[in-house]
Structure formats: structure tokens, C-alpha cells
Amino acid sequence: MNTSLKVTKYQLYYAYKGVAIFYSIIVMILFGIVILSRKWPEGVTFGGLGMATVIFIYIAGLDWFKSSFRFAVANNVPRKKFYHGTIFAMMALTVFMAFVDTVISAAAGRVISYESIAAQLYGTVTYPAEFLWSLGLYALSVCLGWLTTVMYYRAGKAARFVIFAAPVVFLILFEYIDRRTGRALSGAVIGFVQRAMGFAYNNNPLIGFLSLITGAAAILLFSYLFIRRAPVRD
Amino acid sequence: MFLDFDSERPIYLQIAEAIEDNIIRGIFEEESQVISTTEISVKYKINPATAGKGVKLLVDEGILYKKRGVGMFVCAGAKKTILKKRRENFCQGFILPLIDEASKLGITKEEIIDMIEGSFKNEYH
Amino acid sequence: MNIIEIKGITKYYGDVKALDNVTFTMEMGKIYGLLGRNGAGKTTLLNLITNRIFPTEGEISIDGGSVYENDKMLRNIFYMTEKNLYPGDEKLKNIFKWTRQFYPSFDIDYAKGLAEKFGLNINKKVKDLSTGYTSIFKAVAALASNTGIIIFDEPILGLDANHRDMLYKEMLANYNHNPRTVIISTHLIEEVAQVLEEVVIIKEGKLVLKQSVEDLLSGAYCVTGEASKVDRYIEDRKHVGDEKIGNIKTVIVLEDIRNKDKVLAGELELELSGVQLQKLFIALTN
């Protein structure tokens, strides 16, 4: 087995407990909802448990660098192999969780009135489409988490503050420019999202999937810049 | 086997001498196996190259020989070889330093001879 | 693998020059000591050899190939760092299992045996170990790795006298069983001096010398006596490490011990003796 795959194995070992706990909680919540739903009035729809997965997998991404990187370095694994190996692990986890979530969503749908995020956004979607779209969303989320932790790891005190403050500053600036341009900026953004997510094209989730996956890939490429010469740090 | 790491005598020489001493005393009998380089290395925490050098010295002098796959053995007649070598070095190694030290302390030749005679009487009677 | 070549290595950390044009080669199969004071640059050099950091100038190659991101080469090097890089929450026995994943030559039974000898409980978690036992754990992993090159950076940190004795003996037993290249980096010299075959001494980022221990120790000796008389003896001789207590002076003369002038020493009432590696080292790196 080559070194990258060994890294993948280790990363998955590192994460599996969290995933198991996560799904036990999700399943418990669902049982709870199913039981309670008997008492609830008609027309109430539950949904969007995928949101929990998005958050969970983002956090998984956050936790997938420092400790694992140090262990990889201790075993003289080159950074490139660590990078590739971790990407495989992220892919594996993403596929797994997208699949499980689609199954859960299908199962829940039989018992209660349940709508996944994809369904909420695109109307009726086929299971394959829902799987792919979730895959894209989770991929983007985990990659974002990883990028965040990698940038934070490489950053000095000043840069860390910048990373922390940047989103806030960005939003404030965005709002300011938006108002000055008579909402042209947000209009442009909304237009972009509509096209990228497929809403503008007959509510096509597959276009959304492609955009999300592309975004994830771009983030991964960008992350490598921070990893290729990362030092070993406390 | 006692090794003095602070002495100016190289360790490998000390090892060789210690093995010779054990041969003279009969602790390592002729045609019997002696302690291996590995054992010396680990027991006294010395680099095996150093231990090996000491052993090789004895091999070169015909005191030890190597049995392939088994280890180092004492040559037949090793005792004689060692004693001969030591006798030859006795004067250089013991007598001259003795005279040196004596002259430092101002002890005369006659006094030395007296001391020697006296010691022999006490030691060996 | 036959040879490690360090060529013109310079390393800057910002404005600080950690290593200055260091060049030397290491032949395989010997036990090397990498010696130097705290902060001399030993760990920096080891980090460079193992692809953990990158040189500002210069190159490191093993058998002609660069170590830079070279997985194949790195599989044959095990580096026991002073820092603990193992996840605190993991049990020792699991770390052994995972080390074996990355180092197929890792001998788990041997590791378990060593752990037992040292009284190391492998069911414990890394974070629950004392300083001494953390060192022992890391050293055991290194010894069991069975790689062609094993590097120990300050292996005896926190170890009591018994464990130090045991560790040196295990290192030698390991080396005797399977001659490999061993590099021991430390500032605690005296106990390890006789274990080494060659030493590389680093002072303030520069290479001071690379020599076999035997040559080093036979190329120096101590002269002690009344100060002015000592001065007469060392007049035309290279010397270091002048020490004075009252009127008694001790000096380390840097010449072949066989060339020592016994006659002159006798006349001047000087005492000549061998020099300990530690003393020589202190004198050379001051």
C-alpha cells in the first residue's frame, strides 16, 4: 500500500469515532421526531438534517490537520503524500455521509413528512440527484474546514486575527458597497448563485453539484500552498 | 574486567590486556571460548568497533582465533605467548617507572633493593 | 544506502543564522554522535536531513539523491525527535500499530519486549506519560523501526541512571544485531562517548570537527602542574581549555598523545593524563 493510502487509513481511523457518535445522535433525533410526529398536526414538514452534517463535516475538516500532520511527520511522511492521503480520506467520508444521509432521508420520508435540503431548494429530486448534490455540499464544507485550519496553522498572531476578523470586515464592506451601488452587488451575487446552483436552469441540482465540487477542488488546490512547506509546530 | 575511560590508554588496549589477564589467570582456558565482541560492547557500553579492535589485536598476536559461526577462542599456547610478551615489557612497563618515581622521591638504588627483598620475604613466606 | 552528504548547508530563521555553510559526509553503518551546546544547530541539521524543514542554501543527499519530499528514502529513516509529535489521546500500543503501518520494517514484538524491559505500560495514553517515559517510548519506537538510519535527538532526556544504562545497552545490542547508521544528538556527552564511533561537533551553527572518537581522544591529552611550568610546556604546542585553580593550571594539548614529551614533563614536574571527551568538547565549543 503506498504511503498516501496509509495516510488515508489513519485519517479515517482518526475521524470514525466522531462520525459514529454523530450518526447515533442523528438517528436518535429522528426516532424522537418520528414518535412525536404522531401527535403533531397534519402538514408539518421536517427537514434539513443535512445541515447538521454540513456543520459536522466542516468541524471534521477543522480537526484534520494539526494532530494528524504531526503524526505523519513523526513517521517521515512527505507533505505531498499527507496532502493526497487526506484528500482521499475527505472524499471517502463525503461519499459515505452523502450516501447515509440520502438513505436516512428516504427512510424518514416513508414515515413522516420529511424534506432534505436538496428537496427544499429544488423541489422534488431523485435520490441520485440528492446524493450528488449533498456530496457537493459536504465536499465544499469539509474542504473549507480544512483550509481554515491549515491557514490558521501557518498564520502568525497578526494573520490569525485577520483570518478571524476577515469575514466580519468583508460583510461590513459588502453591505456598504452594496448600498452605495443601489444593491447592484447583491444583485450580482444572487444572479451568480442562481446560475451556479442551477436555479436559473430549470432548478437543476446537477449544475449545483458541479459548482460545489468545483469550488471544493479549487479550495483544495489553494490549500496546498499552505501545506507544501508547512513547518512542525506546537 | 575493569575499564578506565579516563585513562590515556586507549580502550581497545585495555580490553586486550584484560582478556590477556583472564587468560593468564586461567579464567579463559586455552581452546575455550572467550567473551564475544558483542557481549563486551553491550556489557561495558562501548562501540563494537572499539571492542573489535582490541580482539583483533589479540588475533594478530596469535592469542585468539576465530571459529567461523561460533566465536572467538583462546589459541593453544596463548598463555606462554602472553607471558613472554609481558616479560619483555616488564622492564619497560614496571621497572623504569619505578626507578623514575624513586628518583623523584629521592630513594636510592640500595633502598629500592632493600624494599624489594623485604617485600619478597613478607609476601611469599 | 551508503552515504549521507551534507553540502554547503546554510539555514536562516528570519535574521538568525542557525547553520552556516556546513559540509561533511557520513558513511553508513557507524554510530555517530552529533554534539553541540544547546542551540548550536544540531536539531536544525537533523530536521534538514529528514525533510522536516528546508535549507536556505545548500543540499542534502543520500546516495546522490536529494531527500526533498523523497518518500522512498524517508521510509528508511526513523527520527526520534526531542519534541513529542504523537497524539496525546492515543494509546501507546495503537501508536506502535500505526507506526508499523508507515514503517513495514517495524518489529512490534521487539517493541513490546523493550517496553516491558523498561517498565513502560503500553496501555497508557501518550499524554499520561512522564517526561522520562515519553523519551523511553519514543526511543523504543525508534529501535523497533528497524530502518537503515535511526536518529535519536536527546534520547536520554528525563531518564534516570538505570534507564540511561539500559537504553545505551539496548542501542548497542540493536546495532550489534543489525549494523545500521545511528546518529545520536545530545549535549550530555560523557556517558555516550564510548558508545560512539565518530563525532560531529557543531558550534554556533558551524562545523567544528568530524572525527572518530579514537582519533580525537588520542590526539589530545591533559597537562597539569604549576602554572608557569605548564606554560613552558605548551609554548609551541596547540592547546585549549586553560583552567586554573590557585597556582595549579590544567591545559588540554592538541597533539598526538604518543608525541607527548615525557622527559620535559618530568623536568617540569607536570602530570600528563588522557582527556575525557566531555572536557575536550567543552573546551572546543567554548
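User: How far apart are the C-alpha centres of domain 1 and domain 2 of chain C?

Analyst: In this predicted model, the C-alpha centres of domain 1 of chain C and domain 2 of chain C lie 35 Å apart, where the domain bounds come from an automatic or database domain assignment. Domain 1 of chain C covers 3–212 and domain 2 of chain C covers 219–284.

User: And which residues make the contact there, by number and class?

Analyst: Six residues from domain 1 of chain C and five residues from domain 2 of chain C take part, two residues being in contact if their C-beta atoms, placed from the backbone, lie within 7 Å. On the side of domain 1 of chain C that touches domain 2 of chain C, five residues are nonpolar, none is polar and one is charged. Here Ala, Val, Leu, Ile, Met, Phe, Trp, Tyr, Cys and Pro count as nonpolar, Asp, Glu, Lys and Arg as charged, and the others, Gly among them, as polar.

User: Before I go on, how are residues and chains labelled, and what pLDDT is needed?

Analyst: Residues are numbered from 1 along each chain as its sequence is written, while chains are lettered from A and ligands numbered from 1 in the order in which they are written. In this predicted model local features need pLDDT of at least 70 and side-chain atom pairs count only at pLDDT 80 or more, whereas totals for chains, interfaces and linings use all residues.

User: Switching to chain B, what elements does chain B have?

Analyst: Chain B has five helices and two strands, and from the N terminus on they run α-α-α-β-β-α-α. Helices (H or I, at least four residues) and strands (E, at least two) are DSSP runs, numbered from the N terminus.

User: What is the mean pLDDT of chain B?

Analyst: The mean pLDDT, the predictor's confidence in each residue from 0 to 100, is 88 for chain B, with 98% of its residues at 70 or more.

User: What radius of gyration does chain B have?

Analyst: Chain B has a radius of gyration of 18 Å, whereas a compact globule of 125 residues would have one near 14 Å; the radius is taken over C-alpha atoms, and the globule rule is 2.2 Å times the number of residues to the power 0.38. Along its principal axes, the C-alpha trace of chain B spans about 55 × 30 × 25 Å.

User: How is chain B divided into domains?

Analyst: Chain B is divided into domain 1 (11–77) and domain 2 (79–124), and the C-alpha centres of these two domains of chain B lie 28 Å apart. Their contact takes eight residues from domain 1 of chain B and five residues from domain 2 of chain B.

User: How many residues of chain B and chain C meet?

Analyst: That contact takes 15 residues from chain B and 17 residues from chain C. On the chain B side, helix 2 (37–44) and helix 3 (48–60) of chain B are the elements that give two or more residues, and by class this side has seven nonpolar, five polar and three charged residues.

User: What about chain A against chain C?

Analyst: There, 19 residues of chain A are in contact with 18 residues of chain C, and helix 3 of chain A gives the largest share of the chain A side, five residues. By class, that side of chain A has eight nonpolar, four polar and seven charged residues.
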